[in-house]
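Take a moment with the sequence and the structure before reading on. The paragraphs below lead from one region to the next.

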Amino acid sequence: MDEVSGAGPRQMNSRRDQRVGILFALPWILGFTIFLAYPLLSSLYYSFTNFSILRSPRWIGLSNYKELMSDEVFHLSLKNTLTFAAASVPLATICAILLAMLLNTKSKGMAFYRTIFYIPSLVPMVALGVLWLWIFNGHYGLLNEGLSRIGLPTPPWLTDPAWSKWTLVIISIWGTGNAMVIYLAGLQDVPQSLYEAADIDGARAWGKTRHVTIPMISPVILFNVVMGIIGSLQTFALPYVMFPGGQPARSAYFFSMYLYDTAFQFQRMGYASAMGWVMFGITLGLTLLALKLSAKHVHYEGG
Amino acid sequence: MITPVATRLATLAVLAAGCLALIGSESAANRQAGSKRIVVTYWEKWNGDEMQAMKKVVDGFNASQSKIEVRYLSISGIAEKTLLATSGGNPPDVAGLWSDQVVQFADADALTDLNGYAQKAGLTKDYYIPAYWNEMTYKGKLYAFPTSPGTSAIYVNRALMPPEYQTAETFPKTISEFETYVKKVSKKRSDGSMETAAFLPREGFGGGSWPFLFGGSYTRENRIDVNSEIDLKAWEWVHSFAKRFGVHETQAFRSGFGNYSSPQNPFLSGKLAAFMDGPWFSNYIRLYSPKTDWFVVPFPYPDGQPELKGYTVLNLNTLMIPRGAKHPDEAFEFVRYVQKQEVMEKLCTGQFCNSPLAKVSEKFLSEHPNKAIRIFDQLARSPRAVGPVKVGIWSQISQEVGNAVDVMDLDQLSPKAALDKAQLRLSEEWTKYQEQVLAK
């Protein structure tokens, strides 16, 4: 019978396994298709249309993209976002590595400190925004209170365009817990034998950090930097809560805020979709650039 | 090894997930109601005291009859969510939006015209204060019914007033008298930093509508006009505060203002001697600074122009029935219940607001928790009561003009240059809106 049908029990089992596998994966496949692939492709289509949510989209070709090129607010929001990313990604990376190195030492109560440093990254962004509004308050704020006690100037963080973006950069350090945990895992993966060999060669702490630790965790650094770039370009909740409308004078008006306003306040979904795709292009370009620039400096074990 | 039992289980799991997704929230809600009542879903923006006041109204409606059950749901970002739900064909039956969304939502075909319902129920123009009725209508159609409204007036902290400004009667009545008041009451420390400002026109409710005080507007003959002579005069007056106190000093002073609804609100903490806001603000005084001795006055009018007396900025919370609502008739039954004078007065008392209805009981005015409610009520009836401009790009206008004033207050551009720039951008936005939304 098997010979007649041409399908042996092994093949039948294999097909059945395949079907079962697909069935088990179906919730994910459905979720991915409905909630990710479909909206993604739709937004690409909408970016070429005039679409105000309740009306059928009307094809207008590249008009939205052409309009973006001359949109002053788009350029300003992009500049704000890139400035923020350029400042926050390196700063957050350095802080996360330093914290991870500190927490990688064999001291008493290290598990407690690791938890404490990780906890901030669990706080919801909106709650965080309200909290930081108090910390940066020019009169009642903890930060200015501290600065004045050590005789430093106390800037109006929230109302001066020269400081608004820096306020957000400082806050970005607060959320380094996630990256720190990944660095910590990377650090614990560095073979002890390399440090022992460096000790024999007479290397000091800085030498070991520079020539052993950093090269060995370079893939982790690259991963975190790429994730940091993507995350910082999408910054939304904090500036939205702390600087409504990007005030003062749109100095804290970020790309994602403009996109949100365009889509949901001004009901220009087509234009907002085009903005989204431009941001996707920029993010992809920066990620590829990071990968290319880092090619010579990232060392993979066994690679 | 994967067995046929596992296959069946996986199939069942997938089917069960699909079934769960198909079971609508509405049928589930109906089941929960445990009766044959029709469930009307009501999305509202409020929480806290305002929600409690509205929930009492909802409970009152549910108890008053046995056919409909209104379900109150507190929603954040209600405008966006209502719009998306309407687009998806599953809107709430009633949405508690703001009146400044009437035009944009109507232009987008997101609302049900309520004219027919209103006529049948006898809810006509003369039942409401004219300025609020105007907020509910657009292009001859009626798109909303009011809940709690507001008007703007000045709250004055008596403790910070010199003897000549201690009462509403002696408080400045004209802009030039107000200028003198600002000079007298504002205080700087020896290092030049601000200690008290008599008034800051951009704080509180209504800080984006100053051209209307001087008789201006944001539109003229179907075009956007934010840089007319009157607009310029109005914003130069606003900018004079930053110039008088100093750009950096004002920035530093404002950076010390706490949240609106907190004891560190600049008026409640004594940084601002006078503060423009709506009737609801008395609730915040009660909550966060009950010892503050305050009184309320209408905003002064421009010198030599008594016809401009009675200026106030309107605000109106509304009930709208989105297009495609499942139970519009039942939804309107609830809306009609809210419009009853005793119900409306109960709601507005609970929310510390004046009433949008033309007829107001003496009990409402005399027992209202805001002791100055008569002033807010009179201002709402003033012909100089102004609401949001009736164009679909009102959010863009607010944002763009706000940014222009920011830029001039920071001395980045002159008032004229800042307004010209805003005008250019808004004209383009308006052209696009006309082409893309209005040209059906």
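Start at B:Ala274. Setting aside neighbours within four places in sequence, B:Ala274 is in contact with B:Ile154, B:Tyr155, B:Val156, B:Ala198 and B:Phe199. Keep in mind that this is a predicted model.

B:Ala274 belongs to the largest nonpolar core, which has 130 residues. B:Ala274 is among the residues with the most contacts inside that core, along with B:Val94, B:Tyr143, B:Ile154 and B:Phe334. A second core is separate and has 46 residues. Among its members are A:Trp132, A:Leu168, A:Tyr183 and A:Ile229. In soluble globular proteins, nonpolar side chains tend to be buried together.

Now look at the strands of chain B. Three of them form an open sheet in the order 12-7-13, and the pairing is antiparallel. The edges are strand 12 (274–277) and strand 13 (294–297) of chain B, each of which pairs on one side only. From one strand to the next, the twist averages 30°. Strand 7 of chain B covers residues 153–157 and pairs with strand 12 of chain B over four bridges, in the antiparallel sense. Within this pairing, B:Ala153 stands opposite B:Asp277 in strand 12 of chain B.

Another open sheet of chain B also has three strands, in the order 6-14-15. Here the pairing is mixed. Strand 6 (145–151) and strand 15 (385–386) of chain B are the edge strands, and each pairs on one side only. Strand 14 of chain B, residues 312–319, pairs with strand 15 of chain B in the parallel sense, over two bridges. B:Thr312 stands opposite B:Ala385 in strand 15 of chain B.

Strand 1 of chain B comes next. This strand spans residues 38–44 and is mostly covered, with six of its seven residues buried. Seven bridges join strand 1 of chain B to strand 2 (residues 68–74) of chain B, and the two run parallel. B:Trp43 has B:Leu73 as its bridge partner in strand 2 of chain B.

How do the two chains meet? In all, 33 residues of chain B are in contact with 30 residues of chain A. Five helices of chain B each supply at least two residues of the side that touches chain A: helix 1 (4–22), helix 4 (78–87), helix 11 (247–254), helix 17 (394–409) and helix 18 (415–438). Helix 17 of chain B gives the largest share, seven residues. By class, this side of chain B has 12 nonpolar, 17 polar and four charged residues.

Confidence in chain A is lowest in helix 1 (residues 2–5), at a mean of 48. Where pLDDT is low, the predicted coordinates should not be read in detail. Confidence in chain A is highest in helix 3 (residues 63–69), at 96.

A:Phe74 lies in helix 4 (residues 72–103) of chain A. Is A:Phe74 buried or exposed? A:Phe74 is buried, because 20 other C-beta atoms lie within 10 Å, and 20 or more is the cut-off. Leaving out residues up to four places away in sequence, A:Phe74 touches A:Leu68, A:Tyr258 and A:Met275. A:Pro156 is 82 residues from A:Phe74 along the chain, and their C-alpha atoms are separated by 26 Å.

Some backbone details deserve a look. Most residues other than glycine have a negative phi, and most peptide bonds are trans. A:Ile53 is not a glycine, yet has a positive phi of about 70°. A:Ile53 sits in the loop between strand 1 (49–50) and strand 2 (58–59) of chain A. A:Ile53 has 19 other C-beta atoms within 10 Å, so A:Ile53 counts as partly exposed.

B:Phe352 also has a positive phi, of about 60°, although it is not a glycine. B:Phe352 is in the loop between helix 14 (341–350) and helix 15 (362–367) of chain B. B:Phe352 counts as buried because it has 25 C-beta neighbours inside 10 Å.

The last stop is a peptide bond in chain A. From A:Gln247 to A:Pro248 the bond is cis, with omega near 5°. A:Pro248 is in the loop between helix 13 (237–242) and helix 14 (255–265) of chain A.

Technical notes:
Residues numbered from 1 in each chain as written. Chains lettered and ligands numbered in written order. Predicted model: local features only at pLDDT ≥ 70, side-chain atom pairs only at ≥ 80, totals over all residues. pLDDT = per-residue confidence, 0-100. Contact = placed C-beta atoms within 7 Å. Nonpolar A, V, L, I, M, F, W, Y, C, P; charged D, E, K, R; others polar. Core = buried A, V, L, I, M, F, W, Y, C linked by C-beta atoms within 7 Å. Buried ≥ 20, exposed ≤ 12 C-beta atoms within 10 Å, placed from the backbone. Pairing = 2+ DSSP bridges. Axes fitted to C-alpha atoms, helices over the stretch in contact; angles between N-to-C directions.
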